[in-house]
Amino acid sequence: DTDQPCLLIYPLTEWEIVEEKINALPGFNKVVRKIQRKLIGYATDIEVDASGRVLLSAPLRNYAKLEKKVVLIGQGNKFELWDEQLWEQHCMEQGDDDDIPPALAELSL
């Protein structure tokens, strides 16, 4: 969901796959253009410094409403970076979902 206030962080090889798929979508569709602008337009290479820190641009920090503490959530081929308070609020809002897709209900972990 591209409307959630978090940043998606991809390893470069994974991002190249995603970017190719997004660029292949039909640009005449208004929703597709919106997604392309948001995901490709704000995509930024980031580097980790010697202390393990990353510097995020102000527009990215503002979009995700990142304040002092953040949470990094692993999501398979990517990470989500959330403001700690927004993540906790998001978790509280999720609650128990009765609308579990059948494929997920059959998943045994």
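Residues are numbered from 1 along each chain as its sequence is written, and side-chain values use heavy atoms, with hydrogens and water left out. Because the model is predicted, local features need pLDDT of at least 70 and side-chain atom pairs count only at pLDDT 80 or more, whereas totals for chains, interfaces and linings use all residues.

Helix α1 comprises residues 12-23; helices (H or I, at least four residues) and strands (E, at least two) are DSSP runs, numbered from the N terminus. The 12 residues of α1 reach 16 Å from the first C-alpha to the last, close to the 16 Å expected at 1.5 Å a residue, where the expected span is 1.5 Å times one less than the number of residues. Trp15, Val18 and Ile22 of α1 are buried (buried means under 20% relative accessible area, exposed over 50%, partly exposed in between, with a 1.4 Å probe and protein chains only). These residues lie on the same side of α1, because they cover an arc of only 65° around the axis, the arc being that of the directions from the helix axis to the C-beta atoms. An α-helix has 3.6 residues a turn, so residues three or four places apart point the same way. The face of α1 turned away from the buried side carries the exposed residues Thr13, Glu20 and Lys21.

The buried residues of α1 pack against α2. Helix α2 spans residues 30-39 and includes Gln36, which is buried at a relative accessible area of 17%. The side chain of Gln36 reaches the backbone oxygen of Ile22 at 2.9 Å. Apart from its neighbours within four places in sequence, Gln36 is in contact (heavy atoms within 4.5 Å) with Ile22, Asn23, Leu25, Gly27 and Gly41.

Strand β2 (residues 70-74) has a covered face formed by Val71 and Ile73, while Val70, Leu72 and Gly74 form the uncovered one. Strands β2 and β3 (residues 79-83) run antiparallel and are joined by five bridges; two strands pair if DSSP finds at least two bridges between them. Gly74 stands opposite Phe79 in β3. Four residues lie between the strands of this hairpin, in which Gly76 takes a positive phi near 75°.

The structure holds one salt bridge, defined as a side-chain nitrogen of Lys or Arg within 4 Å of a carboxyl oxygen of Asp or Glu. The side chains of Arg53 and Asp49 meet in this salt bridge at 2.9 Å, N to O. Arg53 counts as exposed because its relative accessibility is 53%, whereas Asp49, at 32%, counts as partly exposed.

Definitions and conventions:
A polar contact is a pair of N or O atoms within 3.5 Å; within protein, one must be able to donate a hydrogen and the other to accept it, and residues adjacent in sequence count only if both atoms are side-chain atoms.
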